[in-house]
Amino acid sequence: MDLQLIMAAGIAVGTILLFAAVGEILAERAGVLNLGVEGMMLIGAVVGYATAVSTGNPWLGVVTAMLAGGLLSLLHAIVTITLRADQVVSGLALTFLGTGLARVLGEGLSKAGAISLLPRFSIPLLSDIPVLGPIAFTEQSIMVYVGYLLVPATWYWINRTRPGLHLRAVGEEPAAADALGVGVYATRYRYVFIGGMLSGLAGATITLAVQPGWFGALTVNGRGWIAVGLVIFAQWSPFRAAAGAYLFGAVVQLTLAMQLPPTILGFPNPFFEYHANTFFLEMLPYALVLLALVLGSREAMRKRIGAPAALGVPYVRGERGR
Amino acid sequence: MSAFRGGLPFTLRLEPRMEASRWLSPALTAAALVVALVISGAILAIVGADPVRVYLHIVGSSLGSIGAISDTLVKSTPLILTGLACALAFRMRLWNIGAEGQLLLGAWAASAVVLVPLVPAGTPGVIILAVMLVAGFLGGAAWGLIPGFLRSKFGVNEIIATLMLNSIAFAWIQYWVFGPWTEGGFQMTEQFPPEAWLPRLSDLADAIPALRGITVHAGFLVALAAAFVVWLIVERSAWGYEIRLIGDNPRAAKYAGIGIARNILLVFAVSGGLAGIAGMAEVSGVVHRLQDNFSPGYGYTAIIIAYLARFHPLRVVPVAILFGALILAGREIQPSGVPGMIQGIILFCLIASEVFLRFRVGVVRRPPVPPAAAVGAASPATSPAAGPVTGEGA
């Protein structure tokens, strides 16, 4: 097992989760819980892939994937922000709809054959750093580097800019934000849409960069839900989300790599000896998310930090309190 | 800010409805279904399928003959049970999305009764089936208690927890059917002995030839009985009152001294147990063995069923039968994602339709506003009718 290669692949896989989680952080910071990430990722994955197949241009695929994810998220925005329906149920409906629609659109796409993917390259100088260079800056997809930039940029946007202040105000104290002239509805629409676009980008990152191809609902295979879980673990911070996403990606790659060698550290490999044991490896990432949720929830309880105060609550003008 | 809203020449006015007439809710449900089918049909037409043929196919292959109706009831059996599981939990606003995993664990526990075996050889069929039923309930309940415990003890979001547990349960089943219980390396166990099969109507075919091929099994009766029991619990028992109060107003429930943590655990256990029985009914009544992928996502469809039934246990039955027909027909529909897509659209139309239940909805034309005056979304200056809306209906 080459740990460096595993970590490098873990970062690439983690980038998928990272995009989706950052998008969800933005929507939730505005007070809208969108559980439809899985559906939006699938739509982004299939639309991006189909575009790249038919035009031969993966960049066009990225654009259409983000638009498709954003458009789907607007459905959630209309139902929950304007019509004030339950955000949990609407998000579930979005996942059902996105999954079904993606499978309808993706019919026959699995036989599309090889397509041109987004470019991979190494960063000069940075790739020469010992340990970190070969893992993080060597022959990675451009999407991985976009991820590196997105995290600090999102943090800066949320915490250091005026629109970011409005975003937080809308998520924490919408009535006060409204009184100060911040458009609560418009802000929420905007960030739900951006969140949807990032979920679409996450889907396109799967099919156009990291794990190319269309495999029906298995293309995303529950990773949208893991991203939603990651947001809770990350306590709505982009940096923590990035750490969680890369860690999760590394664990997934590690569980895959552990199935191959006949011996590990000189001991006979139980996953090689008896293939059925590998199903316990498959459980590991999900168990890890559960553990992360427990730790995250406990820490949040202890420090009394947590979800944006207005998360999940429809805003009604003129209504006092909750 | 205003640019977005300013683009629309009208705005929606929502006035809370104090009381809705009795027929409004069922009428809205029906209307939502119709709208959903129209939208789905439009999408089908866009992707090149013939919506009329698809719908006729659904009706024909699910209700076209006695055999088809029987097959529909077979499909609806696990849907009723998992639908009840969701309806019970959702009534308390406990989002148990894990009926699928609880179904799998129930199926596993019921299979263990036969395959380990947990009953001595020569045990009469009735006893075996009873033990399997209990094992199925306990298996599902145990799997449901995990997110219940995490939620009540650590405040862990039950949606994510149950979804993760679904994936773990899926891998768990695969471990057993590929590993210790495999039959010759195929992803299935050996067939159960006939004593462990739930009786079917076709078992009587020797006496009544007309019943040949009618595969509806006793699990359907179990599901109907379960619907009645859950109805008794929710609507007619003191415990059900606690569940409904927590669901409607958790703060009031807390002040009334109702143990919320205890109820979370109890509801998750019973909810999981119901889904577990669904798993038992599938392995004992339909596939007669444990195998990979025997559930086409019953536990997820159950979420929509519970919602469509508006969490009412008795209404779960007809809705589940409707979805049983959809799943049955959906196996042959191409593209294969169509049934899932229709389910999603139905759910969307349903929740969107609820706005009419909670509010009187009016469309208010907005007079053109100079951009400077439109700072802040829907400024009161636009029109008095578009101004503040007070209160939210029940």
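**Helix packing and contacts**

Analyst: In this predicted model, H8(B) runs past H11(B) in a left-handed crossing.

User: At what angle do the axes of those two helices cross?

Analyst: The axes of H8 (residues 219-236) and H11 (residues 260-287), both of chain B, cross at roughly 165 degrees and come within 10 Å. Angles over 145 degrees count as roughly antiparallel, and H8(B) and H11(B) are therefore roughly antiparallel to each other.

User: Which residues meet there?

Analyst: From H8(B), Gly219(B), Val222(B) and Ala226(B) meet Leu274(B), Ile277(B), Ala281(B) and Gly285(B) of H11(B). The residues of this contact divide into five nonpolar, two polar and no charged.

User: Switching to the two chains, how many residues does the contact take from each?

Analyst: Chain A gives 52 residues to the contact and chain B gives 49 residues. On the side of chain B that touches chain A, at least two residues each come from helix H1 (2-6), helix H6 (125-154), helix H7 (158-178), helix H12 (298-308) and helix H14 (338-358) of chain B.

User: Which helix supplies the largest share of that side of chain B?

Analyst: That is H14(B), with twelve residues of the side of chain B that touches chain A. By residue type, this side of chain B has 32 nonpolar, 14 polar and three charged residues.

User: And the largest nonpolar core, which members touch the most others?

Analyst: Among the 229 residues of the largest nonpolar core, those touching the most other members are Ala21(A), Val46(A), Leu81(B), Leu84(B), Ile305(B), Ala306(B) and Val316(B). Leaving aside residues up to four places away in sequence, Ala306(B) touches Gly83(B), Cys86(B), Ala87(B), Phe90(B), Phe311(B) and Val316(B).

User: Where is the cis peptide bond?

Analyst: A cis peptide bond joins Val116(B) and Pro117(B), with omega about -20 degrees, and Pro117(B) lies in the loop between helix H5 (99-115) and H6 of chain B. As background, most peptide bonds are trans, and most residues other than glycine have a negative phi.

User: Is Val131(A) buried or exposed, and why?

Analyst: Val131(A) counts as exposed because 10 C-beta neighbours lie inside 10 Å, whereas Arg84(A), with 19 C-beta neighbours inside 10 Å, counts as partly exposed.

Technical notes:
Residues numbered from 1 in each chain as written. Chains lettered and ligands numbered in written order. Predicted model: local features only at pLDDT ≥ 70, side-chain atom pairs only at ≥ 80, totals over all residues. Core = buried A, V, L, I, M, F, W, Y, C linked by C-beta atoms within 7 Å. Buried ≥ 20, exposed ≤ 12 C-beta atoms within 10 Å, placed from the backbone. Contact = placed C-beta atoms within 7 Å. Helix = DSSP H or I, 4+ residues; strand = E, 2+ residues; numbered from the N terminus. Nonpolar A, V, L, I, M, F, W, Y, C, P; charged D, E, K, R; others polar. Axes fitted to C-alpha atoms, helices over the stretch in contact; angles between N-to-C directions. Parallel < 35°, antiparallel > 145°, perpendicular 65-115°, else oblique. Left-handed = near helix turned anticlockwise from the far one by under 90°.
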